[in-house]
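Subject: Structure handover

Hello,

Here is the structure we talked about. Please open it and keep it beside you while you read.

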Amino acid sequence: IAYRREAIGVCAWILISLSFLLVLITFPVSIWACIKVIREYERAVVFRLGRILSKKAKGPGLILILPCTDTFIKVDLRTVTCNIPPQEILTKDAVTTQVDGVVYYRIYSAVSAIANVADAHSATFFLAQSTLRNVLSTQSLAQLLAGREEIAHSVQAILDSATEPWGIKVARVEIKDVRIPMAMQRAMAAEAEAAREARAKIVAAEGEMNASKALKQASMVLAESPAGLQLRCVQTLTTLAAENNSTIVFPLPINVLESFGQRNKGG
């Protein structure tokens, strides 16, 4: 008690005593002005003659407030959603983009949120904007489009360390949308289309190469077995007869043509 008297002064104790006396004289009417209800998701920071009482928040439930000497501020401990408006950013490779996001945070220390910062929500909002611009300005456009999750984790870590003295815990940061100029979109679309066409040509060339290798192997097998060539011709004729019944095909072996050509040369 002596320590508390020395800490707040004799005049302060006199005022507190008078406040208690006033409550006792006007009891039970004064009890309605002294008792306050704090919800489950709220905490009350009580100031007694300008000093935070007990250095910790009160609640939830019923709390006692002395008239004339005590004031209190309610603090909401629920998670708050903070929408970051589109920020115009110049990336590392000199591309102008517009990026917006959302930050989820909550107050875990009501006393720090009241005593260490004037407006915790506004401070967190403006800090999130500046942090998002600073982090994204060090990234190239390709890194920004491909690494949203890593960038969001980096922004969250920076915000969490900066808001810790304010009693705020940043739970999550999300980058919602990345807007780039229309000219850049058309250039990227043309580049992607050219890359797809190049891949298609490479795949077609590889298919032709594989087909030629397969035909070479098939010709080698047929060259070793002349009867197999005749069977292949019969199979081809069967297929043509099943699909086009009005077509008449006369098979002519290639060796006959070769012998005919040799006779013409000899004549």
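Below is what was found in it.

**Ground rules**

This is a predicted model, where local features need pLDDT of at least 70, side-chain atom pairs count only at pLDDT 80 or more, and totals for chains, interfaces and linings use all residues. Residues are numbered from 1 along each chain as its sequence is written, and side-chain values use heavy atoms, with hydrogens and water left out.

**Confidence**

pLDDT is the predictor's confidence in each residue, from 0 to 100. The mean for the protein chain is 83. Of its residues, 84% reach 70 or more. Residues 1–6 have a pLDDT below 50. Beyond near neighbours in sequence, that stretch has 5 contacts in the model (contact means heavy atoms within 4.5 Å). Where pLDDT is low, predicted coordinates should not be read in detail.

**Helix α5**

Helices (H or I, at least four residues) and strands (E, at least two) are DSSP runs, numbered from the N terminus. Helix α5 covers residues 120–136, which is 17 residues. From first C-alpha to last, α5 reaches 24 Å, close to the 24 Å expected at 1.5 Å a residue (the expected span is 1.5 Å times one less than the number of residues).

Which residues of α5 are buried? They are Ala120, Thr124, Ala128, Gln129, Thr131, Leu132, Val135 and Leu136. Buried means under 20% relative accessible area, exposed over 50%, and partly exposed in between (1.4 Å probe, protein chains only). An α-helix has 3.6 residues a turn, so residues three or four places apart point the same way. The buried residues of α5 pack against several elements, including β7 (96–107), α7 (148–163) and β8 (168–179).

**The cores**

A nonpolar core is a set of buried Ala, Val, Leu, Ile, Met, Phe, Trp, Tyr and Cys residues joined through side-chain atoms within 4.5 Å. The largest one has 33 residues. Val45, Val99, Val103, Leu136, Ile151, Val155 and Leu159 touch the most other members. Elements giving two or more residues to this core include β2 (42–48), β6, α4 and α6. The core draws at least three residues from each of domain 1 (10–75) and domain 2 (79–180). Those bounds come from an automatic or database domain assignment.

Take Val155: it touches Thr131, Leu132, Val135 and Val173, not counting residues up to four places away in sequence. A second, separate core has 6 residues, among them Ile38, Ala44, Val46 and Ile65.

**A buried serine**

Ser19 sits in helix α2 (residues 10–25). Is Ser19 buried or exposed? Ser19 is buried, at a relative accessible area of 5%. Leaving out residues up to four places away in sequence, Ser19 touches Leu66, Pro67 and Thr69.

**The sheet**

Three strands form an open sheet in the order β3-β2-β5, with antiparallel pairing. Strands pair if DSSP finds at least two bridges between them. The edge strands are β3 and β5 (70–76), and each pairs on one side only. β2 and β3 pair over 2 bridges. Arg48 has Arg51, in β3, as its bridge partner.

**Backbone details**

- The Phe27 to Pro28 peptide bond is cis, with omega near 5 degrees. Pro28 lies in the loop between α2 and α3 (31–34).
- The Gly59 to Pro60 peptide bond is also cis, with omega near 0 degrees.
- Leu49 is not a glycine, yet has a positive phi of about 55 degrees. Leu49 is partly exposed, at 35% relative accessible area.
- Ala94, also not a glycine, has a positive phi of about 65 degrees. Ala94 is exposed, at 59%.

Best wishes
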